Amino acid sequence: MALLLADVGGTNARLAIARNGVIDPETVTRFRGDDFASFDDVIAQFLQQQDQPRISGVCVAVAGPVSGGTARLTNRDWDFDENRLARLTDADHVRLINDLTALGYATPALQGDGLSTLRPARPDRARNGQSLVVGLGTGFNVCAVRALPGGAITAMEAEEGHTNLPANIYLRLADLLGEEQAAGFSSTEETFAGRGLSRLHGALTGQTGLRSEDIAQAAGTGDQDAGATYDLFAELVGLLCRELALRFMPREGLFLAGSVGRSIADRIERFESGFLQDPFMRHIPENTPLYLIMDDMAALHGCLAALA
């Protein structure tokens with residue numbers, strides 16, 4: 001019997017087969033979303049390539065909200081349904097989860113090259129079995145993780161990206177940009193996803209239309225305007241993570257994920273200037289270790305754990 005695992009984003013879908021609790025690396029396959037009308041078509045082609053294995057379970061991590069056994073991608077017109085996937089694969093058990101939930105399930109297994117420590121915390125700090133994954137990429141979301149008795153974990157769903165921007169961050173932007181421009185940064189996702197970085201750069205420099213990747217590349221080559229945008233963005237991410245640290249108390253660690261999250265790793269001092277800025281309850285962020293998820297297979301490992 002085999003398990004079918006999938007990590008589906010707006011640009012690519014990555015699929016794999018797991019047997020005996022281990023992902024078979026020979027089966028890991030990436031598909032471009034633009035090449036398929038639906039995810040069902042991706043499944044059909046993948047199973048054909050794998051010689052139609054007998055599938056007993058399916059877990060699909062989706063970059064979008066999941067509710068009632070259905071989901072839809074935020075950045076592509078693909079929909080998902082557990083019952084339809086069960087018919088398509090003939091699997092006994094099908095589970096749809098949010099992509100950040102998958103990363104939450106993966107956190108206990110992250111190690112070695114798959115995880116980078118950006119900011120350690122004292123080993124003798126108080127512990128509570130709680131972690132938090134913060135996804136900064138095309139979108140923004142979080143997943144709170146709690147260790148349970150016996151070694152199991154639970155990963156909790158959230159839609160943090162669609163919450164209102166915290167007041168301390170809005171006030172910082174209003175001070176720098178003026179209230180009219182700051183009003184464009186109304187939600188957490190619109191501020192901290194890749195398009196938020198692009199919007200921030202445009203507000204600071206007047207250069208509109210640049211993608212976050214372009215700004216990152218320019219900053220890497222020494223462009224002063226791009227560097228200043230990234231420095232400010234890293235500080236704002238620190239301010240946000242300070243709020244999240246108090247909200248979720250992730251004493252086991254706060255895990256950054258996503259392309260924008262990775263770019264913060266080069267500016268950890270600017271991140272810390274926001275993360276530790278407020279002396280009130282400072283001991284909580286100060287004793288929260290910060291990690292960066294480097295493993296591209298993390299979501300697939302989380303799907304496997306979610307089926308266990």
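**Cysteines**

I looked up C143 to begin with, and found its sulfur 12 Å from the closest cysteine sulfur, that of C303, which is too far for a bond. I worked on a predicted model, in which local features need pLDDT of at least 70 and side-chain atom pairs count only at pLDDT 80 or more, while totals for chains, interfaces and linings use all residues. My residue numbers run from 1 along each chain as its sequence is written, and the side-chain values use heavy atoms, with hydrogens and water left out.

I then turned to C241, whose sulfur lies 15 Å from the closest cysteine sulfur, in C143, again too far for a bond. I took a disulfide to be a pair of cysteine sulfur atoms within 2.5 Å, and by this rule my count comes to 0 disulfides. I also checked burial (buried is under 20% relative accessible area, exposed over 50%, partly exposed in between, with a 1.4 Å probe and protein chains only). C143 is buried, with a relative accessible area of 0%, and C241 is buried, also listed at 0%.

**Strand 11**

I next followed strand 11, residues 130-136, keeping to the convention that helices (H or I, at least four residues) and strands (E, at least two) are DSSP runs numbered from the N terminus. I found that 7 of its 7 residues are buried, so strand 11 is largely enclosed by the rest of the structure. Q130, L132, V134 and L136 point one way from the strand, whereas S131, V133 and G135 point the other way.

Which strands pair with strand 11, given that pairing needs at least two bridges found by DSSP? I noted 7 bridges to strand 12 (residues 140-147), which runs antiparallel to strand 11, and 5 bridges to strand 14 (residues 253-257), which runs parallel to strand 11. A hairpin of 3 residues connects strand 11 to strand 12, and across that pairing Q130 stands opposite R146. On the strand 14 side, I found V134 opposite L256.

**Helix 1**

I listed the buried residues of helix 1 (residues 39-49) as F39, D40, V42, I43, F46 and L47. Seen down the helix axis, these buried residues fall within an arc of 155°, so they line one face of the helix; the arc is that of the directions from the axis to the C-beta atoms.

I also looked up what covers these residues, with contact meaning heavy atoms within 4.5 Å, and the cover includes strand 1 (2-8), strand 2 (12-19), strand 4 (29-32), strand 5 (55-62), strand 8 (79-81) and helix 2 (82-89).

Note on methods
Pairing = 2+ DSSP bridges.
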